[in-house]
Amino acid sequence: GALWETTGDCWTQCYPQRAQKYFIDFLCWVDEQVPAEVERIYAIMDNLEMHHCHDLLLFMLTHERWEFVYQPTYAAYLNLIEPWWKTLRSLALKGRRFETWKEIEEAVEDATAY
């Protein structure tokens with residue numbers, strides 16, 4: 001997920017697993033969501049291994065307006081998206097049972113839209 005804290009916009013995508021290729025795909029998708037006139041995108045990242053992958057370096061070469069800022073280890077509370085994750089889990093997933101992947105995607109989409 002991504003949060004544009006000054007506008008309140010939030011974007012989420014569902015992927016079948018946590019993997020570098022999906023992370024880069026998500027960044028490309030977010031890049032399309034942010035208006036072209038925005039000259040700089042600062043992505044605040046935790047220290048998850050995939051946030052330091054070689055593919056991210058390649059992404060940075062072709063997406064020059066992006067800058068990645070890494071928060072200190074064990075300081076998740078500094079990232080403004082963390083409260084969104086809590087809200088998303090509560091709105092979309094808590095206490096629910098899903099039969100299909102499509103149902104999960106729809107629940108996440110509905111919660112994000114809300």
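Predicted model: local features only at pLDDT ≥ 70, side-chain atom pairs only at ≥ 80, totals over all residues.

Residues are numbered from 1 along each chain as its sequence is written, and side-chain values use heavy atoms, with hydrogens and water left out.

Let's begin on the inside. A nonpolar core here is a set of buried Ala, Val, Leu, Ile, Met, Phe, Trp, Tyr and Cys residues joined through side-chain atoms within 4.5 Å. Buried stands for under 20% relative accessible area, exposed for over 50%, and partly exposed for anything in between (1.4 Å probe, protein chains only). The largest such core has 21 residues, and the members touching the most others are L27, L56, W66 and F68. Two or more residues each come from α1 (20-33), β3 (41-45), α2 (54-62) and β4 (66-70); these helices (H or I, at least four residues) and strands (E, at least two) are DSSP runs, numbered from the N terminus. Helix α1 is the top contributor to this core, with six residues.

Now zoom in on F68.

Next stop: Q13, in the loop between β2 (9-11) and α1. Its relative accessible area is 34%, so Q13 counts as partly exposed. Beyond its neighbours within four places in sequence, Q13 is in contact with F26 and W29.

On to the charged pairs. A salt bridge means a side-chain nitrogen of Lys or Arg within 4 Å of a carboxyl oxygen of Asp or Glu, and that rule gives three of them. One joins R65 and D31, with the closest N and O atoms 3.0 Å apart. R65 is in the loop between α2 and β4 while D31 is in helix α1, so this pair links distant parts of the chain, 34 residues apart. Both partners, R65 and D31, are buried.

Another joins E67 and R40, at 3.2 Å between the closest N and O atoms. E67 sits in strand β4 and R40 in the loop between α1 and β3, so the pair ties together parts 27 residues apart in sequence. E67 is partly exposed at 31% relative accessible area, and R40 is partly exposed at 36%.

Finally, R97 and E99 meet through their side chains in a salt bridge (3.7 Å, N to O). R97 is exposed, with a relative accessible area of 71%, and E99 is exposed at 57%.

How values were computed. Contact = heavy atoms within 4.5 Å.
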